[in-house]
Amino acid sequence: MSFVFLIFVPLLAALFIPLLFKKFGRIHTGWFVLVVPVILFTYYASLLPTTISGGNLVSEFQWIPSLDIAFVAYIDGLSLLFTLLITGIGALVVLYSIFYLDKHREQLHNFYVYLLMFMTAMLGIVQSDHLITLYLFWELTSISSFLLIGYWYTRDRSRFGALKSMMITVFGGLMMLGGFVLLSIMGDTYSIRELIPQAAELVTHDFFIWALVLVLLGAFTKSAQFPFYIWLPDAMEAPTPVSAYLHSATMVKAGLYLVARLTPVFAISGTWMWLVAGVGLFTMFWGSFFALKQKDLKGILAFSTVSQLGLIMSLLGASAAGYHVDNIAETTFKYAGFAAIFHLINHAVFKGSLFMIAGIVDHETGTRDIRKLGGLMSLMPISFTVAMIGAFSMAGLPPFGGFLSKEMFLTAMLSLTEFDLFSMDVWGILFPVVAWLGSVFTFIYSFYFVFHTFAGEHKPEQLPKPAHEAPIGMLISPVFLSLLVVVIFFIPNLVGDWLVKPAVLAMQPFLYTSPDEINIHVEAWHGPTPELFMTLGIVAIGFLMFWTLRKWQKSYDLFPDTLTLNALYDSVMFMSDTGANRFSRLYMTGFIRSYLVYMFSFVIFIVLGTLFLTDAFAIDFTNLAPVGFYEVVILIALVGSTLTILFSKSRLTGIIALGAVGYSVALFFVIFRAPDLALTQLVIETISVALFLLAFYHLPQISRKEERMRFRFGNALVAIGVGVTVTLVALSSLSQKALPSISEFYKETVYKEAGGGNIVNVILVDYRGFDTLFEIAVLGIAGIGIITMIKLRLTKKEDQHENK
Amino acid sequence: MRTNDVMLQTATKVVTFIILMFAVHIFFAGHYTPGGGFVGGLLTTSAIVLLMLAFDIETVKKILPINYVTMTAIGLLLALATASASIIFDVPFFTHAYDYFDLPLFGKTSLHSAMLFDAGVYLVVVGVTMTIIQTIGEDE
């Protein structure tokens, strides 16, 4: 079966959603939607045996064959893992949303269309083997996530959050497109599978670092890494099912997927390792540190997501170390890749359930402000249990899945200190230290989230609604997910064999040839190792700090708001708006004289620049004709009358002097033996001077003030510049005539072939009559224009200006 | 405020015909000697303008009841038709034809289809310049 088409199933289903919503309004639309991810999940789960044995499946659908662009669905361990996450958590989220969103008050048809669109986009990202279609789906996630965040579009905060996430992720997406194009230029293919074997040659290419940085920009913006994480907390204005789905389990992991997928291509480079591991680890610490500042339940979770994504990212970066050691199976470097994938599964599971709990608390109490909440333990026992399981897993406590991944995370970070390339032996010690600090804060905010919501004293007077347990339907999904959290702890090796090892194989194809070779056996009790002591330290210090949280939490508020990244983003947006506005106002003055100055300056600049650069300047006086007496006389008259125009005080003098210029030109035509031109010039000059006089006569009284043209140095400079430029060009072109003139042909054929004697006229009506045809058309249009301007005055009111 | 302009009007009556004749001459001679449709048209216009100066627009309109816009259109059509007539004879657009004929009264004369095109130019030039002058002159 060509399963590439399955990617589009949600999108096709989305087409029917509005219809179902209108026709079957009494049934919650979500029930129809639920079918889609469930069927997809079942189908994709049936592909598991293939990947467990290390195999893969490819299905292809040509889109633009001439440009070598195709939809290629490539299923291996990594993409199948993500596919199962997307469809599985998708199904749970849809189930949850059925009870969360009211079918009468909400615009469900919009919601589910966006959600299904998003599902197609995510499936496309994780299955695409083709870079361009991968980018297509990547942007589709940006767009559908924009629509989902702005779902309650009447709220200001929603629109702000949607726009912010759009701006940042699309910026990253475009950078990534650049990286992809560079990759395809380097490897001469769009297929990731074909790029991977070329990795050793690619690293020597000039574009390699560029491609690496650009692709990472895309991954970092999507996966909310420092400093691009700022869109994620603002995206919490979305409905909670959206936050649970997009901003914890799927979309924010698209960047992780991309990094994991391209690890075989880039991991050879030290830059990659430092960037991915370093940025990831810093994000992990930063996110966990600032999670404690948040007062909003979903805000805490957003920062926690940022932190956990950073953790996974740093593990992915650390896994690159495996490429530089021999016999990886004997070293501790093998843990990083495994831990990354393992924690990715864990995180998707527990963070999904935590978001759903936050949604339930919001739904049943009417607020998400942690300062108003408290003492809900006895009122909402099931939610409390689920929240506790999720949070303890997040903190890394046994007996929950998070414990195992936290241990492996510490192992991997410790192993980096032993790595002796890329100056890791000097700075490598930072990794376990920062990782440990980040874990301490993770521990504190996990407790903060659970106990400040569910423990303490109940404050019913501050809650908009009386708190009570959520309906059973809303609890199904979080309870199921928290069960998974516990199950993963008890059967980690089943998860490892089924899901993690095939994914690691896809991530490190140079190191392993089949999933069985990855000899990692996860054990809850792994002996008195350094990481166990580190965990004990985390728990002890974390518990102490949580106990005294009230005393030092206020110190967060000392940090000025003006120095945050959000303030930076706001000011960049503000500056680019007003700055661009101010810039265009600076030169768009609305005065034609300014625009003329720009145009003429550029003419001077471009023409003189070209003359200079191409070394085209030349003066050659050898072919010039001798200057006669009459020429000199007429020239003096011409220059004199031109200067008179410039310096005349009255406009009338200017017009007369202009006439004098025209008649001198006619005289020049006479001297240079152009009788037709002379005749025409004389008559036309007469008519135009008459028209000038007419215009002068009708000038309004106010502007008839006799005043000399004001001297402006800039104008003079530009005018002289243009004059000099044109003169130089004329001299140069005259001095370097490349080809003989065509006029000999006319001379020879004018009588024999055209039957005429006046070459000028024969050229006008015969050789090149085409020009004349359109010149008389121009005349006709001018005449019609004058008629319409003078005769068609529809409004007599002068104050009715179109701009007013 | 109009003064006695008998001299002007009388001179105009004579000069106008001289100018018109000169214009026609320049137009027909254009193919062999300086001149042609453009200058010929402008000279014709100047003759009519002289009439307008000596008399007034209404009088000239009565003397020459011509719609100059129509004249422009006819000129354009004539030019275009001359240019495209060659297509009928299966030669490229704008191919002219000429030959020598023995006409009564004129003797051996060359007739050239370019002349028809030039006539189009002539009509357009007269039509447009007259349109402009008349429109501006009548405007209050």
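Student: How many residues does the contact take from chain A and from chain B?

Tutor: The contact takes 36 residues from chain A and 36 residues from chain B, where contact means heavy atoms within 4.5 Å. Before we go on: this is a predicted model, where local features need pLDDT of at least 70, side-chain atom pairs count only at pLDDT 80 or more, and totals for chains, interfaces and linings use all residues. Residues are numbered from 1 along each chain as its sequence is written, chains are lettered from A and ligands numbered from 1 in the order in which they are written, and side-chain values use heavy atoms, leaving out hydrogens and water.

Student: What is the area buried between chain A and chain B?

Tutor: About 3000 Å², with carbon and sulfur atoms giving 75% of that. Buried area is the accessible area (1.4 Å probe) that two parts lose on being put together, summed over both. In chain A, the residues losing the most area to chain B are A:Val765, A:Leu773 and A:Ile776, together 18% of what that side buries.

Student: Why are A:Asp156 and A:Arg159 about one helical turn apart?

Tutor: Because they sit three residues apart in helix H7 (residues 156–187) of chain A.

Student: Why are H12(A) and H16(A) called roughly antiparallel?

Tutor: Helix H12 (residues 240–249) and helix H16 (residues 334–365) of chain A pack at an angle of about 160°, their axes 9 Å apart. Angles under 35 degrees count as roughly parallel, over 145 as roughly antiparallel, 65 to 115 as roughly perpendicular and the rest as oblique. The pair is therefore roughly antiparallel.

Student: Which peptide bonds are cis?

Tutor: One of them runs from A:Phe226 to A:Pro227, with omega near -5°. Another joins A:Pro398 and A:Pro399, where omega is about 5°. A:Pro227 is in the loop between helix H10 (208–222) and helix H11 (231–234) of chain A.

Conventions. Axes are lines fitted to C-alpha atoms, for helices over the stretch in contact, and angles run from 0 to 180 degrees between N-to-C directions. Helices (H or I, at least four residues) and strands (E, at least two) are DSSP runs, numbered from the N terminus.
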